[in-house]
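Q: Could you walk me through how this model is packed? I'd like the cut-offs as we go.

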Amino acid sequence: MADESGRGGAVVGTGRRPRARRSDDALAQALTDASYEILPFKGTEEQVLEHVPTSVRLTVTATEAKGLEPTIELAARLAARGYRTAPHLVARLVEDAAHLDAIVGRLAEAGVEGVFVVGGDADRPTSTYPDALALLEALEARDHPFTRIGIGGYPEGHGHIPAEAIERALGDKARHANLLISQLCFAPATTVRWARSLHERGIELPIRVGVPGPVSRQKLVRISAGLGLGQSARFLRKQQSMLWRFFLPGGYSPDRLVSGLAPAIGRSDNGIKGFHFFTFNELAKTEAWRQSRLAELPPATASVRHRPSEGIQ
């Protein structure tokens, strides 16, 4: 391994083993290229503009109560401001083929770069698109402009769907996507095992691991009370007893999860490439935490922070 002067051998002067150095480099790259999930609420656009650099990719979640309109509108407005956005397209909230055509046309006109496709929990048995796979197939049949098509994954399974069905569905959906974002899991080893199992099955999509950003106890309580904030909020409500273990006196911090996952990033035996932070619109806190964490990494990784990402969707 060459050092920064071009000489071979161990890293000189850093006091860190090569394996630790590689982990730091991978972590710096992952934090530099992190993506954020935001909620389409009043004031969200202003928060993004104030606190989030345009280098951070954004997904915009959808609520069943409000439908897709606020999601699409916010994604389009932020794209016009120079952000790379991907709205959540909830299959059961897309009415029919004409509705899908209108959505695709509108997003294309706005310059939106991608979509994140989920089935949704809405009870709409007459929906044209009953699940994410049906919507993915319909998108593939259209002349769409999206360079990023994301799907979700469940390291610890799904509370209402058998594991075998989840695995089968993920394999089917993966053929129509180029990015996988995992749902929340508070055990890094479990997430890594899941990512390795996908790799062994031949599912080699790049994985962004879903991690909650810094969030106050008060906000978590409100989220866990079931305010209809989307899939990640429902997960938190179900897993809140586990989440309390990650709280510090000042609130939750992603440090333990991020540090636990860092050694697996970029390894050849799994698809983990980076992080996707569920911000719950705590954008100032999330961005301040990300910048602080980057600043704590050894100086040798500084060049990584400014290197354009390669292969991270």
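Q: What covers the buried residues of α6?

A: The cover includes α5, β5 (148-153), β6 (179-182) and α7 (188-200), where contact means heavy atoms within 4.5 Å, and where helices (H or I, at least four residues) and strands (E, at least two) are DSSP runs numbered from the N terminus. This is a predicted model, in which local features need pLDDT of at least 70 and side-chain atom pairs count only at pLDDT 80 or more, while totals for chains, interfaces and linings use all residues. Residues are numbered from 1 along each chain as its sequence is written, and side-chain values use heavy atoms, with hydrogens and water left out.

Q: Which residues of α6 are buried?

A: They are I166, L170, G171, K173 and A174, with buried meaning under 20% relative accessible area, exposed over 50% and partly exposed in between (1.4 Å probe, protein chains only). Seen down the axis of α6, these buried residues fall within an arc of 170°, so they line one face of the helix; the arc is that of the directions from the helix axis to the C-beta atoms.

Q: And what sits on the face turned away from the buried side?

A: That face of α6 carries the exposed residues E164 and R168.

Q: What span should α6 have, and what does it have?

A: Helix α6 covers residues 163-174, and at 1.5 Å a residue its twelve residues should span 16 Å, which agrees with the 16 Å between its end C-alpha atoms. The expected span is 1.5 Å times one less than the number of residues in the helix.

Q: Changing topic, which residues have the most contacts inside the largest nonpolar core?

A: L58, F275 and F277 do, in a core of 76 residues. A nonpolar core here is a set of buried Ala, Val, Leu, Ile, Met, Phe, Trp, Tyr and Cys residues joined through side-chain atoms within 4.5 Å. Helix α5 (residues 132-140) gives the most to this core, with six residues.

Q: Which residues are buried in α5, and what do they pack against?

A: In α5 the buried residues are A132, A134, L135, L136, A138 and L139, and they pack against β3 (85-90), α4 (97-110), β4 (114-118), β5 and α6.

Q: Back to F275: what is it in contact with?

A: Leaving aside neighbours within four places in sequence, F275 has contacts that include L27, A30, L31, A34, R208, V258 and I265.

Q: How many aromatic pairs are there?

A: The count comes to three, with rings of Phe, Tyr and Trp (its six-membered ring) pairing if their centres lie within 6.5 Å, and planes under 30 degrees apart counted as stacked, over 60 as edge-to-face and the rest as tilted. The rings of Y36 and F277 have centres 6.2 Å apart and planes at 80°, so that pair is edge-to-face. Y36 lies in strand β1 (residues 35-38) and F277 in strand β10 (residues 272-278), so the pair ties together parts that are 241 residues apart in sequence. F275 and F277 form a tilted pair, 5.9 Å centre to centre with 45° between the planes.

Q: Which residues do the ring pairs link into a cluster?

A: They link Y36, F275, F277 and W289; Y36 and F277 are buried, and F275 is buried too.

Q: And where is H158?

A: H158 is in the loop between β5 and α6, and at 21% relative accessibility it counts as partly exposed.
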